[in-house]
Amino acid sequence: LHEFNPDIVIVANLLEHLDDKGPLLSSLANLLRPGACLLVSGPYEFPFHPDPWDNFFRPSKLELATLFSAFSIESYDIIECGKLREFLGCLLYTSD
C-alpha cells in the first residue's frame with residue numbers, strides 16, 4: 001500500500017476487534033507520509049457484540065492518545081449517534 005502514498009487513511013470501527021493493536025500501529029506508521037491524515041473511529045458507548053469478536057475496547061481520550069502516541073492528534077471528538085435502539089429504529093423506519 002505504501003506505493004499509493006495516501007493523503008488519508010481511515011481506520012473505522014476496527015480497534016474493538018483487535019487483541020494486539022501493535023501490528024496495525026506499525027503498519028500505519030510505515031504507511032503514512034509526513035502530512036498525511038489518519039482518521040480513527042470506534043465505539044465509545046456501544047453494547048458488547050460477540051460477532052464479529054469484540055474485545056470491548058471503548059477508549060477514552062487518554063487511551064487513544066497513549067495508543068497513538070507516535071502520531072500528532074489534532075482533534076478528538078465524541079459524536080453522539082444516539083442509542084442502538086434508536087439507530088435500529090431509524091433503519092427499520094427508513095428501509096422500504
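I take a polar contact to be a pair of N or O atoms within 3.5 Å, where within protein one atom must be able to donate a hydrogen and the other to accept it, and where residues adjacent in sequence count only if both atoms are side-chain atoms. I am working on a predicted model, in which local features need pLDDT of at least 70 and side-chain atom pairs count only at pLDDT 80 or more, while totals for chains, interfaces and linings use all residues. Residues are numbered from 1 along each chain as its sequence is written, and side-chain values use heavy atoms, with hydrogens and water left out.

Entry on Asp54. I looked up Asp54 and found it in the loop between strand 2 and helix 2, helices (H or I, at least four residues) and strands (E, at least two) being DSSP runs numbered from the N terminus. Asp54 counts as buried because its relative accessible area is 3%; buried means under 20%, exposed over 50%, and partly exposed in between, with a 1.4 Å probe and protein chains only. I noted that its side chain makes a polar contact of 2.8 Å with the side chain of Arg58, and that the side chain of Asp54 also reaches the backbone nitrogen of Phe56 at 2.8 Å. Leaving aside residues up to four places away in sequence, Asp54 touches Glu16, His17, Pro47, Phe48 and His49, where contact means heavy atoms within 4.5 Å.

Phe56 lies in the loop between strand 2 (37-41) and helix 2 (61-67), and counts as partly exposed because its relative accessibility is 46%. Asn13, also not a glycine, has a positive phi of about 50 degrees; I placed Asn13 in the loop between strand 1 (8-12) and helix 1 (22-31), and Asn13 counts as partly exposed because its relative accessibility is 44%.

For Val11 I listed contacts beyond four places in sequence, among them Leu24, Leu28 and Val40.
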